[in-house]
Amino acid sequence: MGIRLGLLGCGSFGSTFIRHFRAHPDVERFALCDAEPQRLAACAAEHGVTETYDSLEAIAASDLDAVALFTQH
């Protein structure tokens with residue numbers, strides 16, 4: 001049984017982790033979250049991610065096991 005993982009923050013730092021998380025053998029489901037719709041859509045399309053969320057509240061309410069936070073201070 002793998003982990004269901006989300007990544008919050010598709011900016012220049014956070015987006016560098018996407019390919020690593022998607023390639024990890026224990027990640028069975030992966031989602032992206034970002035407050036900026038254009039950035040979220042572009043990042044999801046670039047990496048082939050179909051599950052997306054537009055807010056911390058939305059991804060926190062999902063049934064994901066964990067969320068990696070990559071946001072600005």
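# Close-up views of the salt bridges, cores and surface patch

Let's start at Arg29: with a relative accessible area of 24%, it counts as partly exposed, because that label covers whatever falls between buried (under 20%) and exposed (over 50%), with a 1.4 Å probe and protein chains only. This is a predicted model, so local features need pLDDT of at least 70 and side-chain atom pairs count only at pLDDT 80 or more, while totals for chains, interfaces and linings use all residues. Residues are numbered from 1 along each chain as its sequence is written, and side-chain values use heavy atoms, with hydrogens and water left out.

**View 1. Arg29 pairs up with Asp63 in a salt bridge.** The closest N and O atoms of the two are 2.6 Å apart. (A salt bridge here is a side-chain nitrogen of Lys or Arg within 4 Å of a carboxyl oxygen of Asp or Glu.) Asp63 sits in the loop between α3 and β4 and Arg29 in strand β2, so the bridge ties together parts 34 residues apart in sequence. (Helices, H or I with at least four residues, and strands, E with at least two, are DSSP runs numbered from the N terminus.) Asp63 is partly exposed, at 45% relative accessibility.

**View 2. Arg4 reaches across to Asp65.** Their closest N and O atoms are 2.7 Å apart in this salt bridge. The two come from distant parts of the chain: Arg4 belongs to strand β1 and Asp65 to the loop between α3 and β4, 61 residues away. Both ends are partly exposed, Arg4 at 23% and Asp65 at 41%.

**View 3. Glu51 is the buried member to look at next.** Glu51 sits in the loop between α2 (37-47) and β3 (52-53), and its relative accessibility is 17%. Its side chain makes a polar contact of 2.8 Å with that of Arg29. (A polar contact is a pair of N or O atoms within 3.5 Å; within protein, one must be able to donate a hydrogen and the other to accept it, and residues adjacent in sequence count only if both atoms are side-chain atoms.) Leaving out residues up to four places away in sequence, Glu51 touches Arg29, Phe30, Ala31, Leu32 and Leu64. (Contact means heavy atoms within 4.5 Å.)

View 4. Ala31 and Glu51 are 20 residues apart along the chain, yet their C-alpha atoms are separated by 4.8 Å. Beyond its neighbours within four places in sequence, Ala31 is in contact with several residues, including Leu5, Gly6, Leu7, Val49 and Tyr53.

**View 5. Here is the largest nonpolar core, with 13 residues.** (A nonpolar core is a set of buried Ala, Val, Leu, Ile, Met, Phe, Trp, Tyr and Cys residues joined through side-chain atoms within 4.5 Å.) Leu7, Cys10, Ile18, Phe30, Leu32, Cys43 and Val49 touch the most other members. The elements giving two or more residues to this core are β1 (3-8), β2 (27-33) and α2. Apart from it lies another core, of six residues, among them Leu8, Ala31, Cys33 and Tyr53.

**View 6. Leu40 is a buried residue of helix α2.** Its relative accessible area is 7%. Asp54 is 14 residues away in sequence, and the C-alpha atoms of Leu40 and Asp54 are 7.9 Å apart. Not counting residues up to four places away, Leu40 touches Cys10, Leu32, Cys33, Asp34, Thr52, Tyr53 and Asp54. One of these, Asp34, is buried at 5%, and its side chain meets that of Arg39 in a salt bridge (3.1 Å, N to O). Arg39 is partly exposed, at 34%.

**View 7. Ser62 lies in the loop between α3 and β4 (66-69).** At 17% relative accessibility, Ser62 is buried. A polar atom of its side chain lies 3.3 Å from the backbone nitrogen of Leu64.

**View 8. Leu56, Val67 and Leu69 make a nonpolar surface patch of about 260 Å².** (Patches are made of residues with over 30% relative accessible area and no salt bridge, joining like charges within 9 Å and nonpolar side chains, meaning Val, Leu, Ile, Met, Phe, Trp and Tyr, within 5 Å; accessible areas come from the Shrake-Rupley method with a 1.4 Å probe, and for residues only the protein chains shown count as cover.) Leu56 lies in helix α3 (residues 56-60) and is partly exposed, at 46% relative accessibility.
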